[in-house]
Amino acid sequence: MKRKLLSCLLSLVLVTSLLTVSASAVNDSSLSSTTSSTSIPENVAEIIAGYFIQDMLSMPDITWSEETSIVNSQTMYAPDGEISAYSFELQTNGSDNGYVVVSAYPDIENGILEFSDESTPVYESFNLDANDVIIYTGNLNYFKSAKDSNLVTAIDGTTLLKKDVSEPLEASRNTSSAQTQADYPISDPIVWANEHYGGPYVATEWKNPFENNCKFRYTSLYYGYTNHCAPVAITNLIEIVGYYRGYTPVTSKSGSTGSGIFNPVVQLGLKNEYYKNAEFKDNGGTLNSSVSTYIKESFSLFNINVSVNTQSSITYRLVKNAINSYKPICIILHDHSYYGNHAVTGYAYTYLQNQSSKTYLGFVKIADGRVSNGRYLPTSYLVHDTMHIVTVGSLG
């Protein structure tokens, strides 16, 4: 099965924690001084490729397996010498099994530029000398060029000046940020998928056990606090568990706005310095490093014993497994194009199939802390974000 995509529908949008962190409700001191990067490092791109391969294992007819691994990498360049992409060559049980091309640009919307589970990389048809580099400009445009040369050679042997080479990948950088901002929020994943990727899409699997138990608390309900999305997300988590289990110590205290849950949660955060009621520039918000502990101790306020499994990257499979096990999740978004650095509560999932191309899109349904109804995030866009999976032990 050969799939070389110009814009992979299951690609991993780089919601870049690599870029400068903007004012937000979730604060990570390790990120706050990060400067803007012109390219994604190869080791990060390799992680992205690995997660993509894992997510693709559920695709029909895919020849990759749990034994598929990256055996070689090739750095590719834009005509100006900037790194444009990385190609990761794959093997399964010692046999060649395709490749994955990952964008090196952190501001590109679709991080997976091209892949195949049976073909060898296009550039292998070049007869490369030791002084040659591979020029890759997107849309299957491959060239070779000697270092410091003004000329490039195409696959068909045509020679061009570097300045005359078409650069569709570079052009997409100029529009991806504005387009991604306009893509959110997502209220209906099928409408969104049809509009942005061409349909028709239909839902092939889903699970939504907590919809009737989620109270969708949002930040503007609670006056006097700044950058308090994490306490709100934890409030939503506690209410989901309390109402789903019919647990009176939660349901009797919640109230019409959830203040009976939020107030002790936010005070716990302030007391233990998990949360600081201040602007981001003054280290306000909730530290990423404290979120797991903050969740556990907040549940303890209501005599609920939980464990928290933290995942440093998010895939559809992880979301599906958590919800299928009736475990709600707290998602920490890092420099998201719409939400910024923000905490949300995940409680359901759905999986869509394109009836024409047979490609798939996975979504997690969230209480986003901004409105009183559920919204959606494409899971393939969350590779750089963090997920805290809550497992309930005992109540009371």
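Me: What should I know before reading numbers off it?
Reply: The model is predicted, so local features need pLDDT of at least 70 and side-chain atom pairs count only at pLDDT 80 or more, while totals for chains, interfaces and linings use all residues. Residues are numbered from 1 along each chain as its sequence is written, and side-chain values use heavy atoms, with hydrogens and water left out.

Me: How many helices and strands in the chain?
Reply: There are 9 helices and 18 strands, taken as DSSP runs (helices H or I, at least four residues; strands E, at least two) numbered from the N terminus.

Me: How much of the chain is buried?
Reply: Of its 396 residues, 53% count as buried, meaning under 20% relative accessible area with a 1.4 Å probe, protein chains only; exposed is over 50%, partly exposed in between.

Me: OK, helix 2. What span does it reach?
Reply: Helix 2 covers residues 42-56 and reaches 21 Å from first C-alpha to last, close to the 21 Å expected (1.5 Å times one less than its number of residues).

Me: Which of its residues are buried?
Reply: Val44, Ala45, Ile48, Ala49, Phe52, Ile53, Asp55 and Met56.

Me: And what do they pack against?
Reply: Strand 2 (68-77), strand 3 (83-92), strand 4 (95-103), strand 5 (112-116) and helix 9 (316-324); contact means heavy atoms within 4.5 Å.

Me: Different topic. How many disulfides?
Reply: The count is 0, with a disulfide being a pair of cysteine sulfur atoms within 2.5 Å.
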